[in-house]
Amino acid sequence: MKKLYCFDKSLALFERAARVIPSGISGNKNPAFAVPGSFPYFAESGEGCRYRDVDGNVYIDYLAAFGPIVLGYKNPVVESAAAEQRRTGTTFNHPTERAVELAEKLVATISGMDWCAFGKNGSDVTAYAVQAAREHTQRRKIIKVRGAYHGSQSWCRHGIGGLIESDYEHVLDFSWNDATEAEDLLLEHEGDVACIIITPYHHPAFGDQVMPADGFLSDLQRLCKRHGVVLISDDIRAGFRLDLRGSHEYFDFEPDITCYCKAMANGYAISACLGTQDLKNAASKVFFTGTYYTSAPEQAAALACLAELERTDAVSHMMKMGRMLMEGLHTAAENNGLEVTLSGPPTLPFMTFANEDNFRRSQRFSGEAAKRGVLLHPHHNWFIMLEHGEADIQDTLDVADTCFRIIKKEFGS
Amino acid sequence: MISMTSQGRAFGIASPVLQWMGLDPSPSIHDRIRAGMHLFAVLPRLTDVVRHDEEGRRIADKMRVSIEFRVLNGPRVVLSFADGRIKTRSEGKSDLGLLFTSCAQLNNMFDGRKVLPIPFKGLHKAGELSRLTRLTEILTRYLKPSDTDMQSPRFRESHVEMSLLVGLSATQQIALQDPRAERIANHLPNGTIQYIILDGPACHVVLEDGLIEARSGTIADPTTTIEIQDIDLAVSLIKGEVDTFAANGSGAIKASGSLVLADEFNTLFDRVGHYLQ
Ligand SMILES: Cc1ncc(COP(=O)(O)O)c(C=O)c1O
């Protein structure tokens, strides 16, 4: 039997980190959100679908840096495009031609969109999107889905730390798949709602993923039209893993604004907000900038990544691998007398144990899998990448079988 | 202009008049929250004084009375002493009553300043008040211990348990009254959280439909478990000195089970320090 991984260096480095960095590691990458002590804390390198932590443990990775790694770590095409661009410099006084090329490429690729602006992180562009909607409509309220994540800016940040009530005073929540509740909010705040922002399907942390019910997205689209409200599709997590033309093509609806980030440049820091012609003038009135928003190597990487996704028909392959993983996990669980729920599209799968809402078995499962070289987050959906092959999925299922056996022994069902 | 607050109107007296009488017609939210915490989170710990302290037990054994603490236009609580046990209720009859003219006056008393509440009934039982005073002195000793007291391992353990129970039950006032926590309190999940201090006591919290109750000891099958490495860490945690995310990462605190519940409840717990020292 292979020796189980240990995390001594991760822990030691974390002790150092905690002395000089608040929380040691901030936000959702803090170990508290995974399985502290049985999960890596610090990265060393990545290659293909494999990720190596500071302890030298190597994993088949289904976290993909929380989404960006869509082709695989160190993809040669993307790396050389970025390196080539870097030879000319990194950040300049002005954007380079790459900015225009990338905007043209995205407008041509994402259906229904006529313009494009760049940021660095997803939060930059979701904030920009709601501001463009407010400017366009001259209204205040933002309607979003309860439990949906749109980033870390004040209007949508989790918790209350550092926030004041007015930060979220104009943000209203409704339940996923409940267009009637959205309509009630629109009626209650008639004339004051600027936008409805949704993810194309519901992928909350700490829960099963939920696909749109029949007619839900088209109902929202109709409601937005009727009430003069902007419909924003936050495609930051699902983008380029369901359909290169945007997840709204996959689910068949027509948003006014779409946001991208994660899988856009295979790990390079860039995000994009796209919109329809109608909104272009309003978008131009929002002062949207950042020191690094124009840096070119990331834009070159994005151009190369998009071309590779097209050339390899990556989505089809990832769908196939994701299906193999989901079906395999289901069978392995069943063979061990356990019941699991696999949710979400095959390229962004997630698993929970039946009849459990405190995640204890998930935490144990993920911790045991990590110790055996497979990285599956207990509380956050997983990501398939192009580099995942059948052999990797089979290795994953072998490890999963062992972990299910442990769960069965410890928890009984 | 004479302004009339809703509290003022209840008396039919304008608020400047109430102020002139030394009464507080509209306590600040801060004072109200603190008063709630003093009555519903600190005072009920007298129960623990009886459990943990020999002298406390002897005093309580002699008491057979129910004492009401009432704040004018504010909260009230009744402590019933019988058979060496103490129960706290927020309604019902009492033998003896103490009226505080404002939340601030009640808070001053809990802060250790001299105040004179008005006895409003049961004067013939006033002798019980000196016993009560002694019990509260013992409670204060446990909640604000001297360095010498803290050298005794048993005392430290009692201190930690009582302080933790104060902090955990005080979250109820945060959930009910703190405008900054409203966003969390409105969607507080149901469940139970077990706190285990590895070389010390255990407590748990039960959250049900917005009500929060803290109790000592363990509970079966908690929704969330929080293991705290040792009493020293628990003491720092109570003082609000711990970076809990860092402590989670290092393994000094181990949270398992529903982290959503842990996170939401911890947000309330974190705010207690803004009101109670
Ligand atoms: C759907 C969605 N929107 C927005 C964001 C925020 O992106 P970032 O973390 O890059 O700011 C995320 C990140 O996880 C996301 O999944």
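User: What should I know before reading the values?

Analyst: In this predicted model, local features need pLDDT of at least 70, side-chain atom pairs count only at pLDDT 80 or more, and totals for chains, interfaces and linings use all residues. Residues are numbered from 1 along each chain as its sequence is written, chains are lettered from A and ligands numbered from 1 in the order written, and side-chain values use heavy atoms, without hydrogens and water.

User: How many cavities of 30 Å³ or more does the search find?

Analyst: Rolling a probe the size of a water molecule over the atoms shows where empty space is left. On a 1 Å grid over the protein atoms alone, a cavity is a set of points where a 1.4 Å probe fits but cannot get out; lining residues have an atom within 4 Å of a point. Volume is the space filled by probe spheres on points joined across faces, edges and corners. Here the whole structure has three such cavities of 30 Å³ or more. The largest cavity holds about 290 Å³. Its lining has 17 residues; Ile226(B), Asn248(B), Ala255(B), Ala262(B) and Asn266(B) are closest to the centre.

User: Which helix gives the most to the lining of the largest cavity?

Analyst: Helices (H or I, at least four residues) and strands (E, at least two) are DSSP runs, numbered from the N terminus. α13(B) gives the most, with six residues. The lining counts 13 nonpolar, three polar and one charged. Ala, Val, Leu, Ile, Met, Phe, Trp, Tyr, Cys and Pro are nonpolar; Asp, Glu, Lys and Arg are charged; the others, Gly among them, are polar.

User: What lines the second largest pocket?

Analyst: A pocket is an open set with protein on both sides within 12 Å along at least five of seven lines. The second largest pocket holds about 1500 Å³. Of its 47 lining residues, Val42(B), Phe110(B), Thr140(B), Leu143(B) and Lys144(B) are closest to the centre. α7(B) gives the most, eight residues. The lining divides into 25 nonpolar, 13 polar and nine charged residues.
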